[in-house]
Amino acid sequence: MSNLAILLGIAIIATASYVLGRYKVAGTSQTLHSLPRYYCLFALICAVVPPIVLFLAWLGIAPFFTSGPISAQITPAIIPEGGSASLVMADIQRLANGVMQATRAGLIDFSALGDTTNLDVLGETLAAAGLIFGTKIDPAVFALTQDYIVRYEIGHDVMTLLLLGATILGALWGLYQIRPSFWARNAVERVLRLVLMLAAGLAILTTVGIVFSMLFETVNFVRLHAWQDFFFGLNWAPNFHGDSELAILPLLWGTLYISAVALAVAVPIGIFAAIYLSEYATKSLRSIAKPLLEVLAGIPTIVYGLFALVVFGPFLKDWFGDGGFLGVNWMSDARSVATAGIVMGIMLIPFVSSLSDDIINAVPQSLRDGSYGLGATQSETIKRVILPAALPGIVGAILLAASRAIGETMIVVLGAGAIARFTANPLEALTTITTRIVSQLTGDGDFNSPETLVAFALGLSLFVITLGLNIIALMIVRKYREQYE
Amino acid sequence: MTHTSAKQSLFEVTDHTKRRNASERRFRRYGQAAIGIGLLMLLTLAYTIVSKGTGAFQQTFVTLNIELLESKLDKKGNRDLEEMKKVSTFGYAPLIATAFENLAAEREIKTKIKAKEMAQIISKSAPSQLRDRVLDDPALIGQTVEFTLLANSWIDGYLKGRVTRENAQNNKNISVQQLDFVDELVALGVVEKRFNIGFITGADASDQRPEDAGIGVAMIGSLLMMIVVLLLSLPIGVAASIYLEEFAPKNWITDVIEVNIANLAAVPSIVFGILGLAIFINTMHFPQSAPLVGGLVLTLMTLPTIIISTRAALKAVPPSIRSAALGLGASQMQSVFHHVLPLAAPGILTGTIIGLAQALGETAPLLLIGMIGYIATNMPETVTDALLAPNSVMPAQIYEWAKRADPAFYERAWGGIIILLVFLITMNTLAVVLRRRFERRW
């Protein structure tokens, strides 16, 4: 049975249980505890939940019957040069899928394939149908694949029986439970509540997934590469000879430098814009300027990246580059710290201004009135009273913007360059953590090499840094809000 | 009071007051300048996008009468498709050169360049275009058929002012003589710029043929991904919000979840890409570059946004509604699903659209799951194919073009940005309209 047929079977049984439930409820003459549809829903849930639970359990157990014994049989002789057992296993699974699909499509007959099958012909047939890449099939791999397919199909049959059986039993049990004294609504609501809870739990699961997926690969990285070099080394020079220097410090320098430039642009502009909008601007100006500024935050970062690469970088080079308007030669490449930093600053203006605006608005009017009553001008009130009162909140806003700047990817990938070094010249190219993650994970390198795995260590570091900034920022903002509520 | 003497009138403006007033004006100017800079930047961006991107919607075409010689395409003359397929695109190229030669002779164009050089002003995709047309309709063989062919990107650049005669002098792809020839053809109306529907509907092309590249396939990829994100993130997000807002007991677990969601919303998007690579591709062996995987990654990224806005929408429904429902005998679940949720629906929808718009413009996480360096050339055929076969998405396609570092591709990247922004503006406008139309103030 195909997966679709199984799904269809479960759906039919579930619908049947709903309809039968309806009949059973209609047949009773006593007063029901719940509305009739809750009894039907209960029967439906009883039919659907067991196969779902069973299937999830199956996903966990199945590898012990199918891929587990196979991967135990993968001897070093089968593993090609530079490969690994897990890659061979993935090959086997891919080939098995191809063979099974081809069998289903009637191209070949799996049960007729013996040990003597001409593998070249089989490979070409499968490749022509677009089911596998390449036409070469290793005989040893093919033998394991055959074994795998047999195990897989037995497993599939067992699972089909179990799932359909569980559905029918569940439906029967649900129908049996239907009687007037049964609190069907409460039972249904308990299940629903559990579903809602699981959805909320997914947020936790995502975080756990992020942390563990990166931690796992980082451990692999540390096994292959000295952690001392990663944390304390001063050079970033990946190569393919196995003596790469993979230090985070030069990348961290680039990240922090570019972020600092971005904040130097965004913070003054953002805060002054927020002050003007909340304290001085007329209602009509505010209703136009505020959404327009916020558009800057809604523009995809790829647009800023392209702007930095094609427009702003060359513009800076026209001024500071060789033969530029200023007659100096400070800039050799259009990509630089200033290019990426200033463009990123533009993007961050609304992050600073919107949050600061909210925070300034939250300062109680009585503080302003008190200050005016003492004869202060509006700007004096702002500088001496409102800003100090709003300072913690504004610091929170800046920290959030900083975390955004550190994690920003596309602008620096396109605008910052790829040279890892320590330089203080804002007109030179630098590279950042995020750009290196992209380049290490999108290259052609072997996945299990330190050069690729270092991306996970970088990702984990990035996550920890931004998480720290976010937590501090959120704490400050929350505390500040409470102060005036 | 050291600075005012007792004799001075209150109406006389002292130096000190002047200074204070000047400082007040200065301060106000800083604010105006800040807003001015912000708006100026927005204007600059908008101007750049429009001025650089509109070119992509126009393309130079060459209209040619090509004689499809039987002696070249079907030597035996039996119109056997299998045999005709053996004539590769190389077999078709000379036909184009001959067509140019005939054209030059017919219209008496004086030029020193040879037929082969004339044919170079046509896109490298032209022979295959010819071949497809002939294999579709073998009856055309032997006739003279009018073809509208894409011009080479250098010629296109010349007509759009991107390539000048000075550039051409030291460019091996194009010569000044060829440009002269093109000038003649433009005067005759053989070469002209037209609206380029191929850019909107077409597929990406290799880096040798910028004139043939389109964003259509990537648009399908984006659409599929958005469908996946919508189908997953809306129900899960709403369910999670309902639990947290209406049912969750106030304990440390709930607190952890809440802090978690607030933090997830601020996690750099590239981290979600690493998660997707590690879990969906390396552990679960999903195919690379598939819209389904992209959709899953973006769902995880969008969920916090949707949860935060949904919770705000639920919170905005006054407690009196809940109390009234409970008072009439509804259970808590019934009061939420029958009363609170419908009232919060406009707010939820608005938040969802904004979350989707954010996901639509996201690039970084998608690069990590393989939506890069891939030339999306085929329209998907079936649903599974559409979800699991490699594809690209609009922002990744734009990045891909930006990386090729060719002015002709930059133009296409800006054009792609225009299309992307049209989608984003439409979605955001829809969100604003929904909010205006259905928002209730209690």
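How close do the axes of helix α10 and helix α12 of chain A come, and at what angle do they cross? The first view takes up this pair, after a short note on the model. This is a predicted model, in which local features need pLDDT of at least 70, side-chain atom pairs count only at pLDDT 80 or more, and totals for chains, interfaces and linings use all residues. Residues are numbered from 1 along each chain as its sequence is written, while chains are lettered from A and ligands numbered from 1 in the order in which they are written.

View 1. The axes of α10 (residues 283–298) and α12 (residues 337–362) of chain A come within 7 Å and cross at roughly 125 degrees. Here axes are lines fitted to C-alpha atoms, for helices over the stretch in contact, and angles run from 0 to 180 degrees between N-to-C directions. The crossing of α10(A) and α12(A) is left-handed, meaning that the near helix is turned anticlockwise from the far one by less than a right angle, whereas clockwise would be right-handed. From α10(A), Leu293(A), Glu294(A), Leu296(A) and Ala297(A) take part, and their partners in α12(A) include Ile346(A), Met347(A) and Phe351(A). Residues are in contact if their C-beta atoms, placed from the backbone, lie within 7 Å. By class, this contact has eight nonpolar, two polar and one charged residues. Ala, Val, Leu, Ile, Met, Phe, Trp, Tyr, Cys and Pro count as nonpolar, Asp, Glu, Lys and Arg as charged, and the others, Gly among them, as polar.

**View 2. Helices α1(A) and α2(A) are roughly antiparallel.** Helix α1 (residues 3–27) and helix α2 (residues 36–65) of chain A have axes that come within 8 Å and cross at roughly 155 degrees. The crossing of α1(A) and α2(A) is right-handed. The contact of α1(A) with α2(A) divides into 13 nonpolar, two polar and one charged. Chain A has 17 helices and two strands; helices (H or I, at least four residues) and strands (E, at least two) are DSSP runs, numbered from the N terminus.

**View 3. Leu54(A) sits in helix α2 of chain A.** Leu54(A) is partly exposed, with 17 other C-beta atoms within 10 Å. A residue is buried if 20 or more other C-beta atoms lie within 10 Å of its own, exposed if 12 or fewer, and partly exposed in between, with C-beta atoms placed from the backbone. Leaving aside residues up to four places away in sequence, Leu54(A) touches Leu162(A), Leu163(A) and Ala166(A). The C-alpha atoms of Leu54(A) and Asn361(A) are separated by 54 Å, and these residues are 307 residues apart along the chain.

**View 4. Three strands of chain B form an open sheet.** The order is β2-β1-β3, and the pairing is antiparallel. Strands pair if DSSP finds at least two bridges between them. At the edges are β2 (144–150) and β3 (191–195) of chain B, each pairing on one side only. Neighbouring strands are turned by 35 degrees against each other on average, direction ignored. Strand β1 (residues 58–67) of chain B pairs with β3(B) over five bridges, and seven bridges join β1(B) to β2(B). Looking along the pairs, Gln59(B) has Arg194(B) as its bridge partner, Thr60(B) stands opposite Lys193(B), and Phe61(B) is partnered by Leu150(B) in β2(B).

**View 5. Helix α19(B) is largely enclosed by the rest of the structure.** Nine of its ten residues are buried, including Met394(B), Ile398(B), Tyr399(B) and Trp401(B). The cover over the buried residues of α19(B) includes α11 (301–320) and α15 (410–415) of chain A, along with α11, α17 and α20 of chain B. After α19(B) comes Ala405(B), whose phi is positive, near 50 degrees.

**View 6. Chains A and B touch through 68 residues from chain A and 61 residues from chain B.** On the side of chain B that touches chain A, α1(B) gives the largest share, 17 residues. That side of chain B divides into 46 nonpolar, twelve polar and three charged residues.

Conventions
Contact = placed C-beta atoms within 7 Å. Parallel < 35°, antiparallel > 145°, perpendicular 65-115°, else oblique.
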